[in-house]
Amino acid sequence: MEAMSFGTFIWTALGAFLTLATFSFLYKDNPLYKLAEHLVVGVSAGYFVIILWHNGLVPNLFSRLADGNFYFLWLNSSKWWYLVPALLGIMMWTRFIRKWAWVSRWPMALYIGIATGLAIPLEMKNRVLTQLHSAMRPVDWGNFLGNGFLDTAAGFSQVIIFVGTISALFYFFFSKEHSGVFKGVARFGIWILMIGFGASFGYTVMARISLFIQRIQVLEDFTNVAWTTDRGIFLVVWFITFGIFVLLSIYEIVKYLNRPRSVQ
Amino acid sequence: MKRQLPLALVFIFGIFMIIQYFVPHESSEWVFEFLLDWIYIIGIFALALGIWSLIRVSWDKVKYRKENWFYSLVTLFGLFAMIVFGFDYLRNFQTAEGLQNFMFRHFFDYIMIPIQATMFSLLAFFIASAAYRAFRARSLLATLLLVAALIVMLRFNPYFGPISPYLEKTASWLLNVPNLAAKRAIVIGVGLGIVATALKVILGIERAYLGKD
Amino acid sequence: MRQKLIIIMCLLFIPALAAGQESVITADSSLVDTITVVPPAPVTDLIAYDKNNDHGHAIILKWTPSADDGAGKKNVLGYSIHRSLSPNGPFEERGIAAAGDASYNDVGSKERESADYMADHVDYYYKVRTLTADESVYADSEVVGPVQSYGQWFNTDRWMVLIFVIGFMAIMIFMINKARRGAKLFVRRLAGIEAVDEAIGRATEMGKPILYVLGLGTAAEIATIASFTILGRVAKKVAEYQTGLIVPCYDPIVMTVAQETVKASYMDAGRPDSYDEDMVYFVTQSQFAYVAAVNGVMLRELPATNIYMGKFFAESLILAETGALAGSIQIAGTDEIAQIPFFVVACDYTLIGEELYAASAYLGREPVLLGSLKAQDYAKAAVMVIAVIGFITIHFGWDTFVEWFHVAN
Amino acid sequence: MNIFDRLMSVDRRWVFLFLALVCVITYVAEFPVDITVTYEVENIYDFIDTLDPGDIIFVAIDYDPNSLAELHPMTYALVEHAWRKELKIIFTALSQNGPGMADLAIRQISDSLDIPRTYNGVEYPAREIVNGKDYVFLGYKPYPALVIVGMGQNFRIPFPTDYYGTPLDQHPMMKGVQNYDQVKCVIDISGTSGVDMWIAYGQTRYGFPLALGLTGVMAADYYPYLNSGQVFGIMGGMLGAAQYERLSGNTGRAIDAMRVQLYAHIVIILFIIMGNVGFLMTRGHKEGL
C-alpha cells in the first residue's frame with residue numbers, strides 16, 4: 001500500500017463515510033442518508049454551474065463576443081450574431097417576472113422546434129430504416145438446424161428473429177382488436193417480448209454486482225491504509241468512520257429484539 | 001404574440017431542420033451548427049432558472065422551519081461552496097483555473113463520486129429484491145419472463161454438471177435470438193412513435209408544452 | 001475528426017519509419033539483405049474525383065494496387081497520397097493507406113484558419129507513392145488531375161429517408177383530416193393508460209400526492225415532449241380532484257416547460273388558484289444525485305402513485321424499487337430499450353416503447369390525436385409489408401429491393 | 001400465516017442483508033470455484049498447451065486503462081500459462097495507453113514466475129524470465145494497420161528496436177524470426193477497434209491463427225469471425241478470463257471476481273425459487289377454498 005498523507009486520508013475517510021451513509025438507505029431512510037443525499041444534490045448542482053460556465057458559456061459565447069465592447073452592447077464584435085442566442089437565453093429569464101413570463105416561450109418554442117425537426121429524419125433513418133434493412137436478411141436454409149445445440153447462426157434462429165420481429169410489431173397495433181389470427185400473432189409477439197426482457201434482465205445482474213464489488217474494494221483500500229500505517233491516528237479515523245455505523249446497527253438490533261410482539 | 005408566434009417558430013425551425021438533413025452543402029451546415037449553438041446557449045441560461053428554483057425551495061424550507069429544514073441548509077452549503085471553489089474563491093471568472101481548485105476537485109472526488117457511485121451500486125441490491133418480488137409464475141407471460149431470466153442467470157453456473165454447457169448455449173441463444181427480435185420490433189415502433197410525435201409538435205397539434213394564458 | 005486523427009497518426013509514422021530504417025542498417029549489416037530493397041511496381045489506374053453527398057473539402061482517390069502488393073516481390077508496405085496545386089509539384093503528403101487498400105479519402109478541414117484547410121473549387125493534382133520498408137525505395141504513380149472538391153445541395157444517399165418522412169407525413173395529415181371530419185376510429189385498450197385514471201382516484205381517496213418523474217431526458221428529446229403531454233392530462237385530473245402533485249426535474253428547461261404545462265392544466269380545470277409554482281422544481285443535473293433526491297421524496301412524502309414517463313437510464317430500477325418499498329402504485333413508460341425490462345419487472349403497469357407515444361392520444365381521446373395513432377399503425381403496416389417483401393425477394397437473389405432501404409450515411 | 005406465505009413475503013431487507021453478506025464473504029474468503037468452460041476459450045488454452053517449449057507466440061495488448069479490469073486478468077492468465085510452458089512471447093501494444101500497462105503486466109508476471117507453483121497437478125519450477133530470451137516487447141507505434149502490415153514483412157520494419165531501445169537483433173530469441181511466419185499464433189487482447197485491424201490487415205492478409213480476448217460488451221460482435229474460422233478462439237470479459245484461469249489451474253483475479261458473481265447469482269436465484277415455491281403452494285391452497 002503506497003504511503004498516503006494524513007490530509008488525503010481524511011478526505012478518503014469522508015468518501016468512505018459517505019459511501020456507508022448512502023448504503024444505510026437500504027435499511028431505511030435515516031439522518032445519515034438524508035445528509036448524504038442533500039449534500040450531493042447541492043454539490044452536484046454547483047458542479048454543473050461551474051462546468052457549464054467554464055466549458056459552455058465562456059468558450060461558446062463570451063470568447064466569441066470578446067472583441068466587442070460593453071458600450072456598444074457587443075454589437076461591434078466580429079461575431080456579433082452570437083448576440084442572438086444570448087438574447088434568447090436572457091428571454092428565458094423573463095420567467096422571473098410574472099407579467100413578462102410569456103416571452104420565455106419564444107426561446108422555448110425555438111428550442112423545441114429545432115429539436116423536433118432534427119429528430120424526424122434522424123430517427124426515421126437510425127431506428128426505422130436501419131432496423132428494417134437489417135431485418136431483411138436471407139435465411140441460411142442449408143444450415144437450418146445449425147451446428148450443435150441452439151445455434152444462434154442457424155437457419156431456424158434467423159427465421160425466429162424475423163417472425164419474432166414481425167409478431168412483436170403486430171402486438172403494438174393500436175387500432176385493431178387482438179382477435180382471430182391477429183390474436184395468435186400478437187400473442188407470439190408478446191412472448192418474444194417477455195423472453196427478451198427476461199434475458200436482458202438476467203444478463204444485467206452481473207454488471208450490477210460488479211458495481212457493488214467495486215464499492216467493497218474502495219472500503220477495503222481505505223481499511224488497508226488505516227491498518228498498515230504505523231500512525232495510530234489513522235486507526236482512530238478509521239474507527240470513527242465505521243464506528244458510527246456499528247453503533248447504529250447495534251441500536252437497531254436491540255430495538256428489533258425488544259420490539260412489541262403482537263399476539264395473533 | 002403569446003401563442004401564435006411560438007407555434008410559428010416551432011413550425012419554421014422544425015421544417016428547416018428537416019430540410020437541412022438532406023442538404024449537405026456548407027451553407028446549410030453552417031446554419032445547422034449555429035442553431036445547435038443556440039440550443040446549447042439557451043440551455044445554459046436556463047440553468048439559472050433551475051438553480052433559482054433549487055435555492056428557493058431549499059430556502060423556503062429553512063425559513064419556515066419545515067420538516068428536515070436542516071438538510072436544506074446542507075444543500076445550500078454544497079451549492080455555494082462548489083460555486084465559490086469553482087471560480088477559484090471568486091477570483092477567476094474568465095479563465096478555468098477554478099476547475100483545478102484544490103477544494104473543487106476534492107469535493108468532486110470525495111463527495112460527489114463516492115455518493116453517486118454508491119447510489120449506482122444500490123442497483124445490485126435492487127435487482128435482487130425486484131427479482132424476488134416480481135418473478136412469480138403468475139401467468140404464462142410472467143413465467144416466460146422468469147424462466148428466461150433464470151436461464152441467463154445460470155449461464156456460468158458450474159453446479160449442473162453435464163447440463164451446464166447447455167444452459168450456457170441456451171442463454172446465449174436467448175440473448176441473441178428472441179432478445180434481438182424484441183429489440184428490433186421495439187426500436188422500429190419507437191422510431192415511428194418519435195416521428196409521429198415530432199410531426200404533431202411541428203404541425204401544432206400537440207402543444208401542451210406551450211402552456212396557456 | 002477520425003479522418004484527421006488518422007492523418008496525424010500517419011504523419012507521425014513516417015519519421016518513425018525513417019528513423020527505424022536508419023537504425024536497422026547501422027545496427028546490423030546482415031539485416032540489409034533480409035529486407036528487399038528492389039523498387040516495387042507503381043499503382044495503376046489512379047483516378048480522383050469529388051466525394052459525393054458531402055459539404056465539399058474532400059476528394060476520393062482510387063487505384064489498382066501495385067503488382068508487388070501481397071504478390072510478386074511482396075515488398076509493399078503501404079501507399080502515401082501526395083497532393084499539389086500544380087501537376088509539376090511541389091507535392092504535399094496527405095496521408096497513408098495500408099497495403100491492400102485501393103482507395104483513399106482525402107478529407108481537408110473546412111475552416112479557413114486550419115492548417116489542414118482544403119479549398120473548394122480549386123484545381124488539385126494527385127499522385128500515389130508505393131512505399132516499401134526502405135524510405136528511399138518507392139514508386140510513384142502518374143499524376144492525375146485537375147480535380148476539384150465542392151459541396152452538394154442534395155444528399156442522394158438519403159432519398160429513402162425523404163420518401164419515408166414525406167410518406168408518413170402524408171398518411172398522418174390524411175388520417176387527421178379524416179378524424180376531424182368525424183370518422184369513428186377504434187383504438188384497443190391499454191392497461192397502463194387506464195391505470196392512470198384509477199391511480200389518481202386512489203391518490204385522492206388516500207389524501208396523498210402523485211409523483212410525476214419526467215426522466216433524465218432534455219426538452220430536446222421527443223420522449224420528454226411526449227411526457228409533457230401526459231403530464232398535462234395528469235395535472236388536469238389532479239387539479240380536478242384537488243390532489244397533490246410533485247414533479248422533481250433533472251433539466252432546467254424541462255422544469256420550465258413542465259411548469260407551463262401544469263399551470264395550463266390547472267387553468268383548464270378551473271383551479272388556477274391551487275397552482276403552486278413549487279410543485280415543479282429543479283433538483284440537479286447529475287444522474288445519481290437526482291435519484292438520491294427523488295428516492296428521498298418517495299420515502300418521506302409516500303406518494304400514492306408514481307408515474308415515470310420519458311427517458312430513463314440505469315436509475316430506472318432504483319426509482320421503481322424504492323417506489324415499491326413506499327407502497328406506491330407505479331406506472332412507467334419509456335422508449336429506452338435497455339430499461340424497459342426493469343420497469344416491466346418492478347412497476348405495476350408499463351408502457352412499452354411506442355406505447356409511450358400513443359399515451360397522450362389515449363388520455364386525450366381527441367379525434368385529431370386518434371387520427372395520428374391510426375397513421376402510426378399504417379406506417380407500421382407499411383414497414384411490415386416492406387420487410388416481408390424484402391425477406392422474400394432476397395431469397396430469390398434479388399437484393400436491389402433490400403438495398404433501397406440501406407441508407408449509406 | 002403459514003410457512004409458504006412467509007416464503008412469499010420476506011422483508012426485502014433480508015434479501016439485501018443476505019446478498020451483502022454473501023458478496024463480502026465470498027470476496028474476502030479465497031476459496032476456489034468451478035467455472036463452466038466454453039469451447040471458444042478452451043480452443044485457446046488447448047492451442048497454447050500443445051505448443052512445444054521454445055515456440056514463439058505473439059501477444060498484442062491493445063487496451064486502455066478503462067477496460068483494464070476485464071482484460072488484465074486475461075493477459076495474466078494467458079502469459080503466465082505460456083511462460084510456464086516455456087514458450088517465448090513477442091508483445092506489442094498498439095493502443096496509445098497500452099505500453100505502460102503491457103510493461104507493468106510483463107514485470108508482474110515475471111515476478112510471479114520467480115516462485116515455483118503447481119498448476120493442474122504439474123509442478124513448475126521457479127524460472128527467471130529474461131528480456132530477449134523469453135520475451136521481446138516491441139512497444140507502440142501509431143497507425144496500427146500499417147504496423148500490422150509492416151510486421152507481416154518483418155518485425156524490424158516498424159520496430160527496429162524494442163520498447164526499451166535495444167535493437168531487435170541483439171535479442172537471442174529474435175534470431176531467424178522475421179515475421180508472422182515464425183510465430184505459432186497471434187493473440188490480440190483488445191478493448192478498442194484495433195481488433196478489426198488485426199482481422200482485416202493481419203489475419204486476412206497473412207493467414208496466421210488469431211485468437212481474441214475482448215471485453216464482455218464487445219465479444220458478442222466477434223462471434224461471426226469464430227464461425228467463419230478466421231478466429232480460433234474468443235475470451236469474452238471477466239467470464240472468459242475466469243475460464244482461462246480455471247483451465248490453466250491458475251486462480252487469479254478473474255476467478256476471485258467470478259466467485260462473488262457466482263454466489264451472488266445463486267442467492268438471487270434462491271430467493272426467486274423461494275418466492276415461487278411460496279406462491280405455487282398458496283395458490284393451490286387458495287383456489288381450493
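Domain bounds here come from an automatic or database domain assignment. The views below all show a predicted model.

**View 1. Two domains of chain A and the distance between their centres.** Let's start with how chain A is divided. Domain 1 is made of two stretches, 1-63 + 229-264, while domain 2 covers 81-136. Taken over C-alpha atoms, the centres of domain 1 and domain 2 of chain A are separated by 38 Å.

**View 2. The contact between chain A and chain B.** Here chain A contributes 96 residues and chain B contributes 107 residues. On the chain A side, the elements that give two or more residues are helix H1 (6-23), helix H2 (31-62), helix H3 (83-92), helix H4 (105-135), helix H5 (155-171) and helix H6 (181-228). Look for H4(A) in particular, as this helix supplies the largest share of that side, 23 residues. Sorted by class, the side of chain A that touches chain B holds 63 nonpolar, 26 polar and 7 charged residues.

**View 3. The contact between chain B and chain D.** In this close-up, 17 residues of chain B meet 19 residues of chain D. H4(B) gives the most, with 5 residues. By class, this side of chain B consists of 12 nonpolar, 3 polar and 2 charged residues.

**View 4. The open sheet of chain D.** Follow the strands across the sheet and you will meet 6 of them, in the order S5-S2-S1-S6-S7-S8, with parallel pairing. Strand S5 (135-137) and strand S8 (233-236) of chain D are the edge strands; each has a single partner strand, so one side of each lacks a neighbour in the sheet. From one strand to the next, the twist averages 15°.

**View 5. Strands S1 and S6 of chain D, side by side.** Zooming in on one pair from the sheet, strand S1 (residues 56-62) and strand S6 (residues 186-190) of chain D are joined in the parallel sense over 5 bridges. A handy landmark is Ile61(D), which stands opposite Ile189(D) in S6(D).

**View 6. A helix lying across two strands of chain D.** Helix H10 (residues 237-248) of chain D lies across strand S7 (210-214) and S8 of chain D. To orient yourself, note that H10 of chain D runs at about 115° to S8(D).

Notes: Residues are numbered from 1 along each chain as its sequence is written. Chains are lettered from A and ligands numbered from 1 in the order in which they are written. This is a predicted model: local features need pLDDT of at least 70, side-chain atom pairs count only at pLDDT 80 or more; totals for chains, interfaces and linings use all residues. Two residues are in contact if their C-beta atoms, placed from the backbone, lie within 7 Å. Helices (H or I, at least four residues) and strands (E, at least two) are DSSP runs, numbered from the N terminus. Ala, Val, Leu, Ile, Met, Phe, Trp, Tyr, Cys and Pro count as nonpolar, Asp, Glu, Lys and Arg as charged, and the others, Gly among them, as polar. Two strands pair if DSSP finds at least two bridges between them. Axes are lines fitted to C-alpha atoms, for helices over the stretch in contact, and angles run from 0 to 180 degrees between N-to-C directions.
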